[in-house]
Amino acid sequence: MNNYNNVIIDRLPRHLRQYIVPQHYHHYTPIDHAVWRYVMRQNYNYLKDVAYYPYIPGLKKAGLTIEHIPDLQTMNDHLKQIGWGAVTVNGFIPSQAFMEFQAYQVLIIAADIRQIEHIEYTPAPDIIHESAGHAPIIGEPEYARYLQFTGEVGTKAMSSKKDHELFEAIRKLAVLKELAGTGDNLIKQAEDELMHIQANMGQPSEMALLARLHWWTVEYGLIGDLDHYKIYGAGLLSSIGESVSCMKPDVKKIMYTLDAVNYAYDITQPQPQLFVTPDFENLVNVLDEFADSLSYRRGGAFGLRKAIECSMPCTAVYSSGLQVSGVFAGNRKEEHLSYIQTKGATALAVDNKELAGHGKAYHKAGFGSPVGKLINTDKTIEACTIGDLKSLGVEEGQPALLHFTSGLDVRGVVGDIVLSGDKIVLIRFTECEVKDTITGQVLFEPTWGRYDMAVGEKIVSVFAGAADKDAFEQVTLLPKEMPVSSYSDEQLALHQLYRQVRNVREGNAMKSELVNVWTKIKANHPHDWLCAIEILELVKDQPLLDDLRFEVEDYLQQLKTIKPELAKLINDGLNTMSQIPILPGVHTDQW
C-alpha cells in the first residue's frame, strides 16, 4: 500500500487498508482531463461568488490545479500539513468504512471521473466530487473537527441489512451509469431495483439517520442565514448544475437543527430543500445531540435491542470494560437487562484488543452471560478485589454459587479470574449451570463445557462492528474492482484528438495543427462540443487562425440548436473562456 509519505495514512488499521486501491493515473483519458478542466474552470467562475470563502484558496491548499486531474501524492503533500491524508478507493464503499476513514482524518477519493455525458452531476462518487468538493474546506479547523466527529459517530452507529441492500443497489446503478457503453435497459433495471428497495426500507437505522445529517451538511450544506448563505457542501461544490439551481428560491431553505434527521433524500435527484447552518460549531452541537440518542451512548436494554435488530456483528460493552463482539440474539423486552446472548462466532476484548484465547475460534458457538449485581453485596463484581470475592465464596478451585438480583443463578467450580487493570472482567467456571430461577429456564448446562462469565453491573455501550476489527476479520462487504470502460476505435480516435489539443495548450505542438484536428472532429465526431470549446479557447486571440475561430463558433451555435440539452454547457464554456483564474503568486495553470 502506498502511504504517500504521510504518517496519517500509516495509522490506518488493516481492515480499512483493504479498501485502498492504486490511483492508476495513466488510466485517465485526454477527455477525462478535459472534463476535469471544464468543471474546475466553471467552479472558479461561479463558485468564487457563492461558495463559502475558504473554498477558493482551499483548492490551492489541497494541491489542486485547473489543468490536471489531481494525483494523490500531490494532495497528500498538501493535506498532511493540516493533519489529514487522502487515499483512492473504488467508488462506493460501505458506510461504516467510509465513516471510519473520516475518524482517522483520511479523505477517501473515488479514483474514477464522471463521463462527459454526466459532466454537470453524477450520483457516483468521482474524483471531482471527492477532491474538489471535500478537500478545500478541510483546512477550516471547526469543519475538520465536525468531519472527524461524524466519522467517530458513524463508526459506532448501527446499520441494518436493508441499509446494505440499498448500498449495493445504489452502487450498482452508479457503476452502470458511469460505465461507457452500458445499455439503457440495464440502467432502467437497476433504477427499478433501487426504487423497490427505497420504498421498502422500513424504520431507518441509526446509520441511515446519521447519513441524512451527513447529506444535509457535508454533502449539501449551506452556511449563513436564510437570507444570505454560501455553499460548503461537497455535493453542491462539485456539481456545476446543482450549485446553480440550489440558489434559486424554489429550493426551500431551512435553518439546520436536529430536525434535519427527519428529511430523507434521493441520491439520484436534485434536492427540494437545503439546510443552512449559522456556523460549523452548530454542526458539531447538533451531531452531539443526535449521538445522545444512539446505542453506543445509551447502552442497556435499548442498545441490545438495536443490536438484535441489526442482525450483524455488534459489540456490547460491560461496565467492567469487557467487550463482547458477535451477532446478538434473543427478544429482550425487559427494561433492565439481565442477560446477553450471541449466536455464532464471538470474541471478547478489552480496550479494543482481543483477549488471548477468547477469539472467534474459541467462542465459535456463541456467548452468553449475566448482567448485573449479586444480591448479597452492595459492591459490583468488577469492583471487588480477589479478597472481596473470597469473602463472597468465589475462590479459584472451589465451588461457588452466585445469586444475581435479576433472579439468575450461576453455580460451578471457579477457574481463572481475569482482571484488566484493577477491574475483574471475566470469571471462568467448570461444571457450571446458569439458570433463571424466575422462569426455570436453564441457560447453560455443565455438559456444554467451560463457562466464561462476563463481569459487569451494566451494559454501558452497544455499537456496530467488532471491538478489535482486525482480529475479528470483519471483511464482509469488500467492494469488487470497479469495471474499466472499453472504448471503440472511434472513441479512441477522439481521445487522440483531445490529446493533440492538450499538446498545443502545453506548448508541445503548433497551434496551426488545430486545423487538422478540427477537420477530423467535423468529419468523424459531429456532436462533440468540449473539444470544440478547447480549440476555440486556443485560437480566439490568433488573427492568423480567424477562419478556424469563425467556423468553430458557428458550429457551436448550430449544435445548441441541434442538441438543446448541450446549450447550457456550451454557453457556460463560452462565457468562461476569457476568465482564466489567477491568484497572487500562482501560475495560471493553478488556483
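This is a predicted model: local features need pLDDT of at least 70, side-chain atom pairs count only at pLDDT 80 or more; totals for chains, interfaces and linings use all residues.
Trainee: Which elements give two or more residues to the lining of the second largest cavity?
Mentor: By class, that lining has five nonpolar, two polar and one charged residues. The elements that contribute two or more of its residues are H6, strand E2 (106-110) and H7.

Trainee: How many cavities of 30 Å³ or more are there, and what space lies in the largest cavity?
Mentor: The count of cavities of 30 Å³ or more comes to six. Within the largest cavity, the space is about 80 Å³.

Trainee: Which element gives the largest share of the lining of the second largest pocket?
Mentor: The second largest pocket has a volume of about 1100 Å³. Helix H6 (95-103), helix H7 (127-134), helix H9 (161-178) and helix H11 (206-219) are the elements that give two or more residues to its lining. The largest share, seven residues, comes from H11.

Trainee: Which residues of the lining lie nearest the centre of the second largest pocket?
Mentor: By class, the lining of this pocket holds 24 nonpolar, 13 polar and six charged residues. Of the 43 lining residues, those nearest the centre are Ile170, Ala211, Trp215, Tyr265 and Ile267.

Trainee: Why is glycine 415 classed as partly exposed?
Mentor: Glycine 415 is located in strand E13 (residues 408-420). A residue is called buried under 20% relative accessible area and exposed over 50%, with partly exposed in between. Glycine 415 is therefore partly exposed, because its relative accessible area is 22%.

Trainee: Which residues does glycine 415 touch, not counting residues up to four places away in sequence?
Mentor: Glutamine 398 stands 17 residues from glycine 415 along the chain, and the C-alpha atoms of the two are separated by 8.1 Å. With residues up to four places away in sequence left out, the residues that glycine 415 touches are Glu396, Arg428 and Phe429.

Methods
Residues are numbered from 1 along each chain as its sequence is written. Side-chain values use heavy atoms; hydrogens and water are left out. On a 1 Å grid over the protein atoms alone, a cavity is a set of points where a 1.4 Å probe fits but cannot get out, and a pocket is an open set with protein on both sides within 12 Å along at least five of seven lines; lining residues have an atom within 4 Å of a point. Grid points are joined across faces, edges and corners, and a volume is the space filled by probe spheres set on the points. Helices (H or I, at least four residues) and strands (E, at least two) are DSSP runs, numbered from the N terminus. Ala, Val, Leu, Ile, Met, Phe, Trp, Tyr, Cys and Pro count as nonpolar, Asp, Glu, Lys and Arg as charged, and the others, Gly among them, as polar. Buried means under 20% relative accessible area, exposed over 50%, partly exposed in between (1.4 Å probe, protein chains only). Contact means heavy atoms within 4.5 Å.
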